[in-house]
Structures are given as structure tokens and as C-alpha cells.
Amino acid sequence: MRLLPAGDAVLVELDDLSQALGLLASLQAEPIEGIREIVPGARTLLIDRDPLVLSREALAAELARRSLDLRHAEAGQRVDIPVHYDGEDLAEVAAFLKITPEEVVRRHTGADWFVAFTGFAPGFAYLTGGDELLRQLPRRASPRTRIPPGAVAVAGGFSGVYPKASPGGWQLLGQTLTPMWDLRRDPPALLQPGQRVRFVDAGPRPAGPQPAVEVAADADAAIDAPGAPAIGIRHTGLQAVLQDLGRPGRAGLGVAASGAMDRGSLKAANRLVGNPVGEAGIELALGGFELESVGEIVVAVCGAEGPLTLTAPDGRRWPVERHAPLALSNGDRLRVGEPTAGVRSYIALRGGIHGVPVLGSLAYDSLAEVGPAPLQPGQRLGLKRPRGNAPVGLAEPPQLAWPRPGEVVTLDVQLGPRTDWFTAEAVQLLTEQPWTVTPQSNRVGLRVQGERPLVRAVSGELPSEGTSQGAIQVPASGQPVLFLADHPLTGGYPVIACIAPWHLDLAGQMPVGARIRFKVVAGFEPVVLSR
């Protein structure tokens, strides 16, 4: 067993899937105080811990005494999934395995599969077991940019069903109309670790129009309570979404925490209007957003720097300050202009937004598409009544001096967990050359471009393993991706380092064109536990 650094988290590496599931079962049966979440992988467990409660040394000592034996006291519940076996890769898979397409179907349906762990997307389960020959199939050399919902696929020793349309590199055998993810169910994910799955040949598709795979929509963004203060959305700019501090603890459903990209600025805005710091606010990407007050309200705008303009009902307008509480009268309009530094602004509204939480949160996860959808012009958000007599806060300065396009910004990073997958020259290059933020960056991650790519020392495939916010993943191109709030729970590319926790908010405010230099700070060396 090896303990590898992954920012504040710890990646526990074992020999195989059976050991990983055995250790997971032990930790679930006898939890360790201070462990907040566990993300299983093909041969790893990513353990997120509270460093104030559980030190790495105490975690290592506790793990060293745990059993790695996976004992099945009884077979889990079996779920049957009907499949139309007409996938794009069925013939190619048959040719690769030197069997007929009919034999591929017979092997895929002829044995139970076991739900080992979840990840990649809400409701996506990694299924092990099944037929030995099918487990030899590799991923596609070139991943598809879009795989339809319900696609049934195999690759890398696993089978699975894509819950929604998404990119992917597995081999497609067919499609099921059984929804994998439905918020009207409890739990929403059809497949849970420990269950058995049997795929059933549903025969050819019937003639005529085909029903779509049902994907239940999330709740509306907010409820407009009659007579209560509210805001009307006049313009949204590039994107405006509701965000709070996210929904941690949902890894078992394949759902990441998500939440505000710049948590410090959201907390500051809430303090200014007298809200609890975790209350949901509006996160804006760039400028062009405008709201109109319905009744008497108090707002505060924090985060990126830039103009803020108040327009009265009679047409008078004047600039107002960010980072301070602002009282609006009925019909007042507040416009957020293009930022001069940073990317994201946060609007807090006194009392909070009257919304329907999705899995305990109003945060919109852009990768998983979980949570209230992005705001639209013409939408109206009702506000809750303030809690008690909470005071409005005093003006406070911004959290940091946010970066501007073209500026060079230093981000502290901690090496690991997969630094040893890269050449010594690549590790040195990570910190020596600047990396430019590209337009392909979003809430999932910052895509950066360097003059020279990072070269691997290990060329094989990395079995899927948990990834944390701040992970710097390096795909085959050698150009890093910095995972941010809406990152996938698991990934198959090695992570060379992780952004230090104190610089995650700064990473979330990086504009396109900014240049990053990475600075390695102290972490911990990999630990081998003798047993």
C-alpha cells in the first residue's frame, strides 16, 4: 500500500481492484473520524480528510492495520438492463476479438457484472466482472466528442452505461432506454456499489421514431414567493448561475461537490448583506449582467474588479462601489460591467434566494448538469426573509489583487500523486516555463498552453482513479488541465501536481490570456506502508 500526495487529500494506491474495494468496505464499516469523502478507483482510494482532525500520520497508522480482504457476505441486488445491441463499435470489437458480433453480445449478456465504483458523471458506474475476453478491450485511440445517453460500452476491463450525452473513449456495443440517473428516484443513481448487473438482449429496435432516453430535469432555479422581495433578470452576460458552497459527500452517486469557483468572494458578499456565508448567490462570468429590484432589497457584489452601475427608475445613473452593501429601491437596476481584473463576480442578496435545492444545494454543476439551470433573461428570483436581525456588514476590500490578461501570476503547487509518471525534465519544465490560459477554459478546468509539452516517463494507460479540485492533469498532448469546481470525480490521465488549497480561489479568477508560473511548495513524500 502506498500513500501518495494529492493536495490536502491522500491517494491510497493498492495492488488491484479487489484490495481497493476491501479497504473501502473496511472504512465504510468502521469509519475514521476526519475522513470527509472517499472516491474509489480501479486500484486506488482518494481520501479527502479534515487536516485539523486527521493528520496524515494518523491516517497512515490507521490504514496500516486495516484488512484488504473483500468478503462478500451475500450477493448484492441484481439489476437487469435491456440493451439494443447495435452500437457503432460492435463490428470493430468483434473483429478485434476475432469473434462474431453475435458472440460479443452473447458474452456481454452471459454473466453478471459487479458495480465496483462510480464516477466520471452522475449515475455512471464502473462495472467489473463479466466475460474475461471482453475485459481485454482497450479504450478507443481517439475519443468521441459526443456519446449519446444510454450508450452501453466496454473498455479497460470495465463495462458501463453513459447516463447522459458526453465525450468518451469506450467501445460502444449498444444502447439502453433505462435511465441511469433520475432525481425523482431515491437514490437518483440506478446503480450502486455492491449491486450486480445483468445486461439483457432487447433485440432489434422497433421500426419508426424511437423514444429518447429519459433524463429528468432538475428543479427550477427559484420560487417566486408572492409579495416577497425579488429580482428580475434583465441580462445575463456570458453566463450567470446560482452557486453556494456545493454538495460535498455525494461521491457515492458520482456527483462532485461543485460550488463557487471563488469561495472567498461568495462568503464576503454574503457577510456584507448579513447572510450565512454559505448562502447561495449569483456567480457571473465576465460582465453584461443586469438585475432589477422588485421591492426593497440589499445586495453586495464581490469578486472580480470592474464597473458597477445603478440606474434609478427615472433614468438617472451613477457608479457604485463593489465590496460594500447596497440598498436598492423598487425598480432600481444594477448592471455589472466587464471586469478589469479577474473573471467572476458574486452577487449576494439579503435573505438569500428562495430556491429548491438539488441534492442539498443550489449550485449548478456545468459538467454533471446537476442543479438549477443557468439564469435566463426575464427570469424572476424570489428572496427569503433575512434570518433574525442579522446586521449588514461594513465594506471590506477584495480578497486578493486579481490577475489581468497578459499578467504573470504565480500559483503554488504540491507535487503528486503521479509525478513519477513524468520525466525529470518535464517536472522541471512545469515550473520553469510560463503557461498561458486558453479560451477553452471553463468551470471544469483551466486549459493552459506552454511552449514545450510535458513528456511522460510512463507510456501505459493509467487505471481510472479519483481526482480532486486543483489537480493538474496532463493528457496525451502534454498540455496541462487544472481541474476546478466542476471537475470529474475520476480520471484516466496522470496528475503531476495539485494547486495548493490557498490558491484555488485565485485559479478560479484567471482570465484568458493570463500567464501562470507554478511554484512547488512543501508537500509530503510518498509513503509505503508495510503490512
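I call a residue buried under 20% relative accessible area, exposed over 50%, and partly exposed in between, with a 1.4 Å probe and protein chains only. The model is predicted, so I take local features only at pLDDT of at least 70 and side-chain atom pairs only at pLDDT 80 or more, while totals for chains, interfaces and linings use all residues. Residues are numbered from 1 along each chain as its sequence is written, and side-chain values use heavy atoms, with hydrogens and water left out.

**Lys-98 and helix α3**

I began with Lys-98, which counts as exposed at 74% relative accessibility and lies in the loop between α3 and α4. For element names I keep to DSSP runs numbered from the N terminus, helices being H or I of at least four residues and strands E of at least two.

I then looked back along α3 (residues 90–97), where Leu-90, Val-93, Ala-94 and Leu-97 are buried. These residues cover an arc of only 100 degrees around the axis, which puts them on the same side of α3; the arc is that of the directions from the helix axis to the C-beta atoms. Ala-91 and Ala-95, on the other side of α3, are exposed.

What do the buried residues of α3 pack against? They pack against α4 (101–109) and β12 (171–175), where I take contact to mean heavy atoms within 4.5 Å. In α4 the buried residues are Glu-103, Val-104, Val-105, His-108 and Thr-109, and their packing partners include α3 and β12, along with β6 (113–118) and β13 (196–201).

Leu-286 lies in the loop between β16 and β17 (289–294) and is partly exposed, with a relative accessible area of 33%.

I also looked up cis peptide bonds, and found one from Asp-186 to Pro-187 with omega near 0 degrees; Pro-187 lies in the loop between β12 and β13. Another cis peptide bond joins Gly-416 and Pro-417, with omega about 5 degrees, and Pro-417 is found in the loop between β25 (408–415) and α6 (424–432).

**Buried loop residues**

Arg-443 sits in the loop between β26 (435–437) and β27 (445–449), and I count it as buried because its relative accessibility is 3%. What does the side chain of Arg-443 reach? It reaches the backbone oxygen of Gly-259 at 2.7 Å. I use polar contact for a pair of N or O atoms within 3.5 Å, where within protein one must be able to donate a hydrogen and the other to accept it, and residues adjacent in sequence count only if both atoms are side-chain atoms.

Asn-275, in the loop between α5 and β16 (281–285), is buried with a relative accessible area of 9%. A polar atom of the Asn-275 side chain lies 2.8 Å from the backbone nitrogen of Gly-351. Leaving aside neighbours within four places in sequence, Asn-275 is in contact with Asn-270, Leu-349, Arg-350, Gly-351 and Gly-352.

Ala-256, in the loop between β15 (239–243) and α5, is buried at 7% relative accessible area. With neighbours within four places in sequence left aside, Ala-256 is in contact with Arg-247, Asp-365, His-487 and Leu-489.

**Pockets**

For pockets I use a 1 Å grid over the protein atoms alone: a pocket is an open set of points where a 1.4 Å probe fits, with protein on both sides within 12 Å along at least five of seven lines, and lining residues have an atom within 4 Å of a point. Grid points are joined across faces, edges and corners, and a volume is the space filled by probe spheres set on the points.

The largest pocket has a volume of about 1,400 Å³. Of its 42 lining residues, Phe-120, Pro-143, Pro-167, Gln-473 and Tyr-493 are the closest to its centre. The largest share of this lining, three residues, comes from β11.

The second largest pocket has a volume of about 900 Å³ and is lined by 32 residues, with Arg-36, Asp-48, Ala-257, Gln-469 and Leu-504 nearest its centre. Among the elements that each supply at least two residues of this lining are β3 (35–40), α5 (263–272) and α7 (504–507).
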